[in-house]
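Colleague: I would like to go through the labels on this model and hear what each one rests on. Where a cut-off decides the matter, please state it.

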Amino acid sequence: MGELLLIRHGETTWSASLRHTSYTDLELTPDGERQARTLAAFLAGRRFVTVLASPRSRALRTAQLAGLTVDAVDEDLSEWNYGEYEGRTTVDIHADQPHWNIWTDGCPGGESPAQVGERLDRVLARVTPLLDRGTVALVGHAHSLRVLGARWIGLPPSAGGRLRLETATVSALGHEHGRQVILRWNQPAPPAPGTATDSAPRH
């Protein structure tokens, strides 16, 4: 069986400032483009049965700079729809709603955890049979890929809250003794020799 690689896009201005970004179509920052190029060396030599990406430009640009050829754009790989919370930080939201938790409450005017889980389940239903032929890559976003990781191992969408995911990281889902497992999670590409690294977390 092949692996299912989950690739989060590189940094944007909103991810750097921890603002929730779903349907707002932001470009990568210069550092985000550097991150994506670093992924190219990390992924070099891998062969993919198919590569699917979110329709957002930050995901498509990351795939391009990482040396991937996107075979299809999949709307179900879009980020969690944050509705009225689009562009706001969690700290800002908590000033109005101190007990709000996206993993249990969802977003007003946007998606609930169950709705996000349903569409990521559709992604898994489409790509899982392809793993018999080799590795599949999905290029997307933090919250939606975290939900996908949780659903892969049979947990509810809310369990994605336990799976932190940084920009420009690669995670691998696969099998062990016939069970669906997380093989690796939130793995950054090794920095190029002589490159300074920024260890600050990215939403």
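**Labels and their grounds**

Modeller: Start with helix α6, residues 113–127: its 15 residues reach 21 Å from the first C-alpha to the last, close to the 21 Å expected at 1.5 Å a residue. Bear in mind throughout that this is a predicted model.

Colleague: Which residues of α6 are buried?

Modeller: They are P113, V116, G117, R119, L120, V123, L124 and V127. Buried means under 20% relative accessible area. The elements covering these residues include strands β1 (4–8), β2 (48–53) and β4 (135–140), together with helices α5 (102–105) and α7 (142–152).

Colleague: Why is E3 called buried?

Modeller: E3 has a relative accessible area of 18%, and the label needs a value under 20%, so E3 is buried. E3 lies in the segment before β1. Leaving aside residues up to four places away in sequence, E3 touches R46, L131, G134, T135, V136, A172, L173, L183 and R184.

Colleague: What makes the pairing of the E3 and R184 side chains a polar contact?

Modeller: The distance is 2.9 Å. The limit for the N or O atoms of such a pair is 3.5 Å, so the distance qualifies.

Colleague: How do you know that D31 and R34 form a salt bridge?

Modeller: Their side chains meet at 2.8 Å, N to O. The cut-off is 4 Å between a side-chain nitrogen of Lys or Arg and a carboxyl oxygen of Asp or Glu, so the pair counts. Both residues lie in helix α2 (residues 30–43), three residues apart, about one turn of the helix.

Colleague: Why are D31 and R34 called partly exposed?

Modeller: Partly exposed runs between the buried limit of 20% and the exposed limit of 50%. D31 is at 23% relative accessibility, so D31 falls in that range. R34 is at 32%, so R34 does too.

Colleague: How many salt bridges does a search of the whole structure find?

Modeller: The search finds 15. Among them is the one between D92 and R88, whose side chains meet at 2.7 Å, N to O.

Key. Residues are numbered from 1 along each chain as its sequence is written. This is a predicted model: local features need pLDDT of at least 70, side-chain atom pairs count only at pLDDT 80 or more; totals for chains, interfaces and linings use all residues. Side-chain values use heavy atoms; hydrogens and water are left out. Helices (H or I, at least four residues) and strands (E, at least two) are DSSP runs, numbered from the N terminus. Buried means under 20% relative accessible area, exposed over 50%, partly exposed in between (1.4 Å probe, protein chains only). The expected span of a helix is 1.5 Å times one less than its number of residues. Contact means heavy atoms within 4.5 Å. A polar contact is a pair of N or O atoms within 3.5 Å; within protein, one must be able to donate a hydrogen and the other to accept it, and residues adjacent in sequence count only if both atoms are side-chain atoms.
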